Amino acid sequence: MYRYEFCESTYVSESGFYKHRRTKHSELIISLQQAKSVTYFCDSCDVSFNVKKKIIQHVKCHVKQKSRGLNLICSFENCLKTFYSMNGYILHLKSCHEKKIESDVLNFDTMEGNKWKRFIEEKERCQYVKNTAVKKTHSKEYIYYFCHRSFGPKTSNKGCKNSKSSGSVKTGSVCPSSIKVHVNSSKVNVQYCSTHLWHDMEIGKQRLFTEDKSMIAGTYHYLIFENWQWVFLSTEYLLEDIRASTIQGDLKRIHLLEKKDVHNIKRDYNITYSTKKHENDAVSVRLWVEEMKKKGNLNPVLYYKQQESIDSAVPHFTVNDFCLIIMTPLQSELFIKFGNDKVCVDGTHGLNGYSFQLYTIVVIDEYGNGYPVAFCFSNRSDTDTYKHYFQCIKNTIGTINSFIFMSDDEPAFYNAWCSIMGCAVKQLLCTWHVLKNWVKNLNKINGNEKKKIIFKTLKSLMFEVDKSSFFVEINEVLNDLLKDPDTVDFGKYFEKCYSTRVEKWAMFNRKHVGINTNMYLESLHKNIKYCYLEGKHCKRLDMAINALMSLVRDKSFERVIKISKEKRSSKIMQINTAHKKSKQISQDMITKVNDYWLVISENDINVQYKVEKFQSFDGCALQCEECQICVHSYRCSCMNNIIYLNICKHIHACVKTELKIKTQNEKNIVPHSHDLIIDNSFIQTDTDKINKKYCEIKNKMEIMCGMFNCSNLNEEDKDFIIKHCDKIISTLSKGTRFKKPVNETLKKKIEPQARFWTKQKVQNHQSALSSTEAKHIRQSLKNITKYTLNVSSTPTFDHSYIKD
């Protein structure tokens, strides 16, 4: 029995019951169905369901999204409704706030989809970032992007974040613009919502595109030739290259590149120096030392003591002391080979942020160039530390019996050297350091004019090459200084510190030794700071170590190039220049006297230079190619030969008169296989990544770039190459973790250039000492002619020498 509840009608069959409903109660059935279809509403996204089971499943999805942290809050004032999906949020903006939200559905191939996204981002000056990771269901992939201006800035664990100088790109609101990507095999379905709210389209708030970052990261590895060495492309060159490029169309984000952007790219792409093993500098240095120790006999670390550790074998080091001594195998070989001649030691600062000094030992090779053979970082600067430094070297290569030991004016270096290696034949002080100390102590003298006179007098005294004349002059200087009340304090200082050790700084004791200052070391330290560290303040010790290892590598390459190519060094070029200048000396200016020659000076006919012949040194590389003599064959009394041991023009002129010059047909320097050694095994980066296929891919890419620069392609070939390059870039992205010179004749007449000048008063520096002044000063000290020193008012000559 079937009974209908609205009219109390009863039917025996089911068919009669339903026929009654259709015919008598059709309107009531329709209203009931409509009421039932809107029964279940979602409070989060305004979605309705007519089945209770479906609304329950839908609410569970919101709970999962809420647990993941997605929380879309309406940004309109006095509207605090929260949503857990972008669809519900967009629907709310349309229905409740009457916002016009534009959306579109597009279909692409995989490659076209990536290009379309980049095109939209550049056009709209915005960026879309992934909401979550790529979701995969069966054979489909789902990717969700939202506007990068949405939400607020992320906070740290403490709940706060340092604000950026330009402000955060985040607006604190939720922009409805989004992209939903559904990938099915090679087809891409895109649902794109293009309407932006709560922010303007500012190019300054846009991020760098991944493709641009990859391009910059690849360009950063290019090499350029700078300061006579190959170095990596610096940040300044990279910015110059981008900013000098022609801007086609609208301004793009890459044109706003800054140093901070390049720094972030280097961080993200792990572009760093090889010795950086950890973000913590102390840990990084320790890991590098441990890696070097695994090299066995090739280990460059002679000694390492980190802070907060105690070495019982070296008791003078305390817990807070640090020491790192480095010497590579090639450095040790060159130390043994050239250390018996000249050894220079000096320290420098500014290579780290911990006040660790760098102490470098330099030897002079056969080409007259300085070569660093050992390094030491330490916070201590005393004799005990230097003793330990030299003892570690002695334990490695044995005793070094040097002929000349040069350092600054501090005795600690030489005392430590004598204690470990034995005393050198000659200990010389750097002339530059001695003059610097004299200038520093001139404040003990009253009166600026007397300061000038005394400084020039001492400088002329320093360059006196005759020993007997020197002692006569220094006694006269000391008497004058001690008698004058204005100079007595300086006289006592000079008598105590310098008059008792004149052999260390006077020129008569360093004639023809070829070294006068510690400029080999000064130049080396300047090269490290301004070339390898780009003139920036270095705060990390591992970066300074990387600069030293790069320096040693480049020095070894330079040495191999000189040997294998017989490249002319700076000393050889000076010899050739002197040979050309010798043509200015005529035959009547040279007089042969027994076994020596007298050469009249070109500037002063009253001055003669004495040239003597000595025995040549076999195997000397510093030779004149035309005269067939080396720097040891002759000696001259001119300062060019006495100080710098150069074959001066006077020697060349005398040799020409004595010998018949022949063109040298045989080579003087023969490269030996055992000299061709490269020190580049200590700065390799990520050796575990470098394999055969990796190198092959890299080489082929470089070949393609080189061939492309000189190719002439048609449009079809260009399209073909672009298509395949896109495929290669797409493959590489899967494995990613995060002007022609103008020829101008040199003979062209060049007009004088306009120059700037300043009216600002120049600081009062000690004026240079001319040769004429030095001559008059020495004559007055010897009492040869009764000259007295008197101050002159002429700007070109500080002193006049008037006879009594």
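At what angle do the axes of helix α11 and helix α12 cross? I took this pair up at the start, working on a predicted model.

**Entry: α11 and α12**

I looked up both helices. α11 covers residues 383-397 and α12 covers residues 412-420. Their axes come within 8 Å and cross at roughly 45 degrees. That angle makes α11 oblique to α12. I also noted the hand: α11 passes α12 in a right-handed crossing.

Next I listed the contact. From α11 I have Thr-383, Tyr-386, Lys-387, Phe-390, Gln-391 and Lys-394. From α12 I have Ala-412, Phe-413, Asn-415, Ala-416, Trp-417, Ser-419 and Ile-420. I sorted the residues of this contact by type and got 7 nonpolar, 4 polar and 2 charged.

**Entry: α7**

I turned to helix α7, residues 235-243. Which of its residues are buried? I found Thr-235, Leu-238, Leu-239 and Ile-242. Viewed down the axis of α7, these buried residues fall within an arc of 95 degrees, so they line one face of the helix. Then I checked what covers the buried residues of α7. The cover includes α6 (210-219) and α8 (259-268).

**Entry: Gly-370**

I placed Gly-370 in strand β19, residues 370-378. Is Gly-370 buried or exposed? Its relative accessibility is 18%, and the cut-off for buried is under 20%. Gly-370 therefore counts as buried.

I then looked for contacts, leaving aside neighbours within four places in sequence. Gly-370 touches Val-362, Val-363, Ile-364, Tyr-520 and Lys-555. I followed up Lys-555. It is 185 residues from Gly-370 along the chain, yet the two C-alpha atoms are separated by 9.6 Å.

**Entry: Ile-605**

I found Ile-605 in the loop between β23 (596-600) and β24 (608-613). Ile-605 is exposed, with a relative accessible area of 67%.

**Entry: positive phi**

Last, I looked at backbone angles. Most residues other than glycine have a negative phi. I noted Asn-78, with phi near 65 degrees, a positive value in a residue other than glycine. Asn-78 sits in the loop between β5 (72-73) and β6 (82-83). It is exposed, with a relative accessible area of 75%.

I located Phe-151 in the loop between β10 (140-147) and β11 (178-184). How accessible is Phe-151? I have it as partly exposed, with a relative accessible area of 23%.

Definitions and conventions:
Residues numbered from 1 in each chain as written. Predicted model: local features only at pLDDT ≥ 70, side-chain atom pairs only at ≥ 80, totals over all residues. Heavy atoms only, no water. Buried < 20%, exposed > 50% of the residue type's maximum accessible area, 1.4 Å probe, protein only. Helix = DSSP H or I, 4+ residues; strand = E, 2+ residues; numbered from the N terminus. Arc of directions from axis to C-beta. Contact = heavy atoms within 4.5 Å. Axes fitted to C-alpha atoms, helices over the stretch in contact; angles between N-to-C directions. Parallel < 35°, antiparallel > 145°, perpendicular 65-115°, else oblique. Left-handed = near helix turned anticlockwise from the far one by under 90°. Nonpolar A, V, L, I, M, F, W, Y, C, P; charged D, E, K, R; others polar.
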